[in-house]
Each structure stands twice: as structure tokens, then as C-alpha cells.
Amino acid sequence: MSQMLFEKPDLAGIRKERPTLAAKLIGELGDTLNVYFDGNVVSWPLTGSQQANQILKKDSTLGIIQPGQYAFPTSYKEIVIVLDGTLKAAIGDGELKEFNPLEQVVAEANTNLRIQVEGAPVQYLCEYH
């Protein structure tokens, strides 16, 4: 799948709209595109974020989730912060809960993160601890 089909999120715009997250949005979006579920979930590494925050195991990612249901096995503790839109998430067989902008989902390492998006796509920041 061509990387040209996916438009990068406007990082400068997100920083301006979400000043409370500015410290987490350090670095620039890399060119390496991560594509999941036939392009319904895409993300870009926030290069330099791991160097700026030594707690992170790897660079954070900034991405977009299209409407649908998805399950992600986690290798790290993942903190998913909703930037725009609404998603429902659950860990393992847990109950789906709704998360709105600036709310975060925390999934421990070696669990299964289930996500459901209805209506509009969701923009998110994912940190790997």
C-alpha cells in the first residue's frame, strides 16, 4: 500500500489546539508509516520523543483510526491519548468504555487492547512505556 494515500496529521495544528499536551508532542512526524487493518488504522512515529522522554521504550506514534472494531496485542505498556473524536476501548475481555479528547486508555504490556470507533475517525497519540 502506497504511503502517498495517507495524509499525515497536522502536528503544528495539534500542538496549538492541545497546548496541555505540548510536552508530549516533542519531535517531528517520521516518514515511516505503520499500516494496520488494510489501512483503517495508520500511524507515524513522533521521532525524537523517546530521546526527549527517557521513560519511553520507543518513539511515540501519532495516528488515525477509521470507524470499525480492532484488537491490538501489546508488547509494551501503551498509553493511548485521544486527540480528536471519540473511541471505545477495553482491555482483554473487559467492558468497552468511552474515551473523548484528552482522555487516555492505559493497556499494560502483553494484553489485548480492543478499540471501537463509530462515526468520525479518531486521532490519537500512543506512548510506549
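Modeller: A residue is buried under 20% relative accessible area, exposed over 50%, and partly exposed in between. Keep in mind that this is a predicted model.

Colleague: Is Asp-84 buried, exposed or partly exposed?

Modeller: Asp-84 lies in strand 6. Its relative accessibility is 42%.

Colleague: Which residues does Asp-84 contact, leaving aside neighbours within four places in sequence?

Modeller: Leu-125 is 41 residues from Asp-84 along the chain, and their C-alpha atoms are separated by 10.0 Å. For contacts, the cut-off is heavy atoms within 4.5 Å. With neighbours within four places left aside, Asp-84 is in contact with Pro-101, Pro-121, Val-122 and Gln-123.

Colleague: Where is Gly-119 found, and is Gly-119 buried or exposed?

Modeller: Gly-119 sits in the loop between strand 10 and strand 11. Leu-87 is 32 residues away along the chain, with 9.6 Å between the two C-alpha atoms. The relative accessibility of Gly-119 is 59%. Exposed means over 50%, so Gly-119 counts as exposed.

Colleague: How many salt bridges does the structure hold?

Modeller: Asp-31 pairs with Lys-8, with the closest N and O atoms 2.8 Å apart. Arg-15 meets Glu-28 at 3.9 Å, N to O. Lys-24 joins Glu-127 at 3.2 Å between the closest N and O atoms. The structure's total is three.

Colleague: How many residues apart are Asp-31 and Lys-8?

Modeller: Asp-31 and Lys-8 form a salt bridge. Asp-31 is in the loop between strand 1 and strand 2, while Lys-8 is in the segment before helix 1. Asp-31 is exposed at 58%, whereas Lys-8 is partly exposed at 33%. This pair links distant parts of the chain, 23 residues apart.

Colleague: Why does the pair of Arg-15 and Glu-28 tie parts together, and how many residues apart are they?

Modeller: The side chains of Arg-15 and Glu-28 meet in a salt bridge. Arg-15 lies in helix 1 and Glu-28 in strand 1, so the pair ties those parts together across a sequence distance of 13 residues.  Arg-15 is partly exposed at 25% relative accessibility. The separation along the sequence is 13 residues.

Colleague: Is Glu-127 buried or exposed?

Modeller: Glu-127 forms a salt bridge with Lys-24. Lys-24 lies in the loop between helix 1 and strand 1 and Glu-127 in strand 11, so the pair ties together parts 103 residues apart in sequence. Lys-24 is partly exposed at 32%. Glu-127 has a relative accessible area of 3%, so it counts as buried.

Colleague: Which side chain of opposite charge is nearest to Glu-78?

Modeller: Glu-78 lies in strand 6. Residues touched by Glu-78, beyond four places away in sequence, include Cys-126, Glu-127 and Tyr-128. Glu-78 is buried yet has no salt bridge. At 6.5 Å, the nearest side chain of opposite charge is Lys-58.

Colleague: Which strand gives the largest share of the lining of the largest pocket?

Modeller: The largest pocket holds about 350 Å³ of space. Of its 20 lining residues, those closest to the centre are Tyr-36, Phe-72, Glu-78, Cys-126 and Tyr-128. Strands 2, 3, 4, 5, 6, 10 and 11 each supply at least two lining residues. The largest share, four residues, comes from strand 4.

Conventions:
Residues are numbered from 1 along each chain as its sequence is written. This is a predicted model: local features need pLDDT of at least 70, side-chain atom pairs count only at pLDDT 80 or more; totals for chains, interfaces and linings use all residues. Side-chain values use heavy atoms; hydrogens and water are left out. On a 1 Å grid over the protein atoms alone, a cavity is a set of points where a 1.4 Å probe fits but cannot get out, and a pocket is an open set with protein on both sides within 12 Å along at least five of seven lines; lining residues have an atom within 4 Å of a point. Grid points are joined across faces, edges and corners, and a volume is the space filled by probe spheres set on the points. Buried means under 20% relative accessible area, exposed over 50%, partly exposed in between (1.4 Å probe, protein chains only). A salt bridge is a side-chain nitrogen of Lys or Arg within 4 Å of a carboxyl oxygen of Asp or Glu. Lys and Arg count as positive and Asp and Glu as negative; His and the chain ends are not counted.
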